[in-house]
Amino acid sequence: MGGIWNGAGQLLLSFLEFLYGITNSYGLAIIILTLIVRVALYPLNQKQMVSMQHMQKIQPMLKVIQEKYGHDREKLNQETMRLYKEYKVNPAAGCLPILVQLPILILLFKVLNSYDFSGTSFCGVLLGSSATAGLGQAVGVAPGPDGIYSLFAVLSGIFSNPAGLANAGLYLGNLALLIAISFLTWAQQKLSGAGNNPQMAMMNTIMPIFMAFICLSMPGGVMLYWGLSSLIGIAQQYFVMKKTKAEMAIKPTLHKNKPVSAQRVGDDDDDEE
């Protein structure tokens, strides 16, 4: 398995160097790579976003089914799957694009972490350095034996030598990109309607903070890929929602009225018979 990862990493590095030979910029090379990945994953992402819209539409129907068959787990599962099939909804569709992109992100992280970019930057973002490393260098903190900057050591260095923050060129671009990615994470969840679901509202707050924490140790090149990919995802999600707006405007009656009780639904079924 290690040989496969190493081979894939070398292949990705060769492709980046090929793009660099065309653009003479590693930043542009990463942007082109991002666009290629997004185009390749467009059908999967499109299916995921449409499925999410349909999921929102059938939520009231799911609630009625849960009230009616809550006592019968087998019947509940059958009716739920029937509803999913009728509206062409796949609850697991949202995971597939992320799972496909994850190996690329890991490989890119590995390549940018091991490759010597010699301080190469793109629009102020140091591609081979993280925000934590940049802050550490700015305030004079030495990396650990493994070459990694400890977040706690960096925070301590900032308090000990706040004047070092004047060396903004070492970290400002990466820090700004980190903040942008956190905002894009929040915007994606807001656009998907996660903030309107009480059960997901907390996640809408936690995820941007979690992403900011993760990005602290990410090389600028990885953040550039992730940020641009997220921005494209938001644009695609916006157009999907705009396209399905007319369909979503025609809501079933259950969207306007509270779901009826299980007893009432059972009575209605008897009347229809």
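This report walks through a predicted protein model, from its overall layout to a few single residues.

## How to read the model

Because this is a predicted model, local features need pLDDT of at least 70 and side-chain atom pairs count only at pLDDT 80 or more, while totals for chains, interfaces and linings use all residues. Residues are numbered from 1 along each chain as its sequence is written, and side-chain values use heavy atoms, with hydrogens and water left out.

## The overall layout

Let's start with the whole protein. It has 12 helices and two strands; here helices (H or I, at least four residues) and strands (E, at least two) are DSSP runs, numbered from the N terminus. Read from the N terminus on, the order of elements is α-α-α-α-α-β-β-α-α-α-α-α-α-α.

How much of the protein is buried? Of its 273 residues, 38% count as buried, where buried means under 20% relative accessible area, exposed means over 50%, and partly exposed lies in between (1.4 Å probe, protein chains only). The accessible surface is about 15900 Å², and carbon and sulfur atoms account for 65% of that; such areas come from the Shrake-Rupley method with a 1.4 Å probe, and for residues only the protein chains shown count as cover. Among contacts (heavy atoms within 4.5 Å) between residues at least 6 apart in sequence, 74% join residues at least 24 apart.

## The nonpolar core

Now look inside. A nonpolar core is a set of buried Ala, Val, Leu, Ile, Met, Phe, Trp, Tyr and Cys residues joined through side-chain atoms within 4.5 Å. The largest one here has 32 residues, and those with the most contacts inside it are L16, I30, L33, L108, L178, C215 and M223. At least two residues of this core come from each of α1, α2, α5, α8, α9 (198-215) and α10 (220-243).

Take L33 as an example: leaving aside neighbours within four places in sequence, L33 is in contact with L12, F15, L16, L19 and L108.

## A covered helix and a buried arginine

Which residues of α6 are buried? They are A131, T132, A133, G134, L135, G136, A138 and V139, making eight of the nine residues in this helix, which spans 131-139. Their cover includes α7 (151-160) and α8 (172-191). Just after α6 comes G140, with a positive phi of about 85°.

R38 sits in helix α2 (residues 26-40). Its relative accessibility is 8%, so R38 counts as buried. Not counting residues up to four places away in sequence, R38 touches N45, Q101, S229, I232, G233 and Q236.

## Residues on the outside

Is S114 buried or exposed? S114 counts as exposed because its relative accessibility is 61%. This serine belongs to helix α5 (residues 95-114). The C-alpha atoms of S114 and G128 are separated by 8.5 Å, and the two residues are 14 residues apart along the chain.

Most residues other than glycine have a negative phi. N24, however, has a positive phi near 60°; N24 lies in the loop between α1 (2-23) and α2 and is exposed at 59% relative accessibility. C123 is not a glycine either, and its phi is positive at about 55°. C123 is in the loop between β1 (121-122) and β2 (125-126), and its relative accessible area of 73% makes C123 exposed.
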